[in-house]
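I am opening a notebook page on a structure that is new to me.

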Amino acid sequence: MKKIVLAVLIFAGTLLSACGSSGNQPSNEAAPGENVQPARITVGGKPFTEQLILVQLMAQLLDAKTGHTISTAEGLGSSNVLMQALKDDDIQVYADYTGTGYINILKNELKPDDTPETVYEKAKQGYEEQFGFTWLNPIKYSNTFTLIMKREKADALGVKTFSDLVRHAPNLVLGSDAQFFERGDGYKGMAEKYGFEFKGRKEMDIGIAYQALTEGQIDVLVGYSTDGRIPALELQILKDDKGYFPPYYPAPILKMEFLKKYPEVGETLNLLADKLDETTMAELNAKVDVKKEEPKDVAADFLKQAGLIE
């Protein structure tokens with residue numbers, strides 16, 4: 001009789017132990033082969049036109065091709081703000097530029113033998129190792145910083161390159177947003193590289209800077225090469241003939257652990273990589289800045305024309 005009771009107690013103890021072990025498993029960890037629940041994905045971005053469009057392109061594409069719940073946080077802030085938002089899970093994806101990540105965030109210097117490919121790979125590796133974030137495939141255009149002048153003034157002075165501008169700089173006023181004067185890849189390094197000494201410098205929001213340039217309040221503007229107002233206002237982009245600025249290819253960024261759990265998000269966003277070039281992006285920007293169309297409408301039209309959504 002005692003042997004029977006002892007056997008029952010041992011069995012019961014084993015059963016309770018098994019139950020306790022099962023209860024300690026993380027409840028949100030999917031078993032192999034189990035379907036993962038849809039996620040809530042917020043797409044964030046910076047407060048300028050191209051980024052407003054990129055946010056809508058990513059969000060609408062994800063909404064059309066995945067079963068996740070998608071929202072947007074347009075104009076959220078700078079790279080540092082977006083990185084913190086991603087870290088805190090306030091957003092799940094944003095797009096940034098390879099040169100910004102490589103130099104401004106990771107504090108690297110552009111090497112003479114660096115190429116668009118090496119800058120992307122180094123930025124991707126650095127983000128993975130330092131932050132646990134990864135970069136998806138880069139979109140095939142570079143929205144680099146550039147110097148812009150009124151075409152008639154550039155022609156009159158014979159200025160086509162940054163080097164051409166150096167001897168005229170003491171008589172000219174440069175305009176830019178405040179961030180450019182603070183960036184690691186901004187004004188200080190550019191001035192040292194070329195020897196610029198401008199007559200004056202004015203900080204201004206990029207939204208009013210183009211008007212200031214056309215009205216003669218400034219003579220040279222620091223802008224983005226894909227800005228649609230450049231051709232619309234008959235402005236001239238100067239050539240960075242000493243290669244000061246790194247390549248700035250945009251790419252979606254998200255947490256590595258998130259991508260591992262939801263690989264279809266990366267697969268979907270990578271569909272954008274080969275669909276946009278510099279000319280096309282400038283045209284989309286012009287629709288917003290010049291024709292005053294809404295970024296969400298511009299994005300929807302492009303995605304349909306590109307055959308990415310119905």
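How much space lies in the largest cavity? I noted about 40 Å³ for the largest cavity, where a cavity is a set of points, on a 1 Å grid over the protein atoms alone, at which a 1.4 Å probe fits but cannot get out, and a volume is the space filled by probe spheres set on points joined across faces, edges and corners.

Before going on, I recorded that this is a predicted model, in which local features need pLDDT of at least 70 and side-chain atom pairs count only at pLDDT 80 or more, while totals for chains, interfaces and linings use all residues. Residues are numbered from 1 along each chain as its sequence is written, and side-chain values use heavy atoms, with hydrogens and water left out.

**Entry: the cavity.** I counted one cavity of 30 Å³ or more. Its lining (residues with an atom within 4 Å of a point) consists of Phe145, Ser176, Asp177, Ile206, Val222, Gly223 and Tyr224. By class I found four nonpolar, two polar and one charged residues, with Gly counted as polar, Phe, Ile, Val and Tyr as nonpolar, and Asp as charged. Strand β8 (residues 220–224) gives the largest share of this lining, three residues; strands are DSSP runs of E with at least two residues, and helices are runs of H or I with at least four.

**Entry: the sheet with β8.** I looked up the strand order next and read β7-β6-β8-β5-β9, an open sheet of five strands with mixed pairing, where two strands pair if DSSP finds at least two bridges between them. Its edge strands, each pairing on one side only, are β7 (200–203) and β9 (235–237). Strand β5 (residues 145–150) runs antiparallel to β8 over four bridges, and Thr146 has Gly223 as its bridge partner in β8. Helix α9 (residues 206–214) packs on this sheet, touching β5, β8 and β9, contact being heavy atoms within 4.5 Å.

Entry: β1 and β2 pair in the parallel sense over five bridges, and Val43 stands opposite Thr72 in β2. Strand β1 (residues 40–44) also pairs in the parallel sense with strand β3 (residues 93–97), over two bridges, with Gly44 opposite Tyr94 in β3.

Note on methods:
On a 1 Å grid over the protein atoms alone, a cavity is a set of points where a 1.4 Å probe fits but cannot get out, and a pocket is an open set with protein on both sides within 12 Å along at least five of seven lines; lining residues have an atom within 4 Å of a point. Axes are lines fitted to C-alpha atoms, for helices over the stretch in contact, and angles run from 0 to 180 degrees between N-to-C directions.
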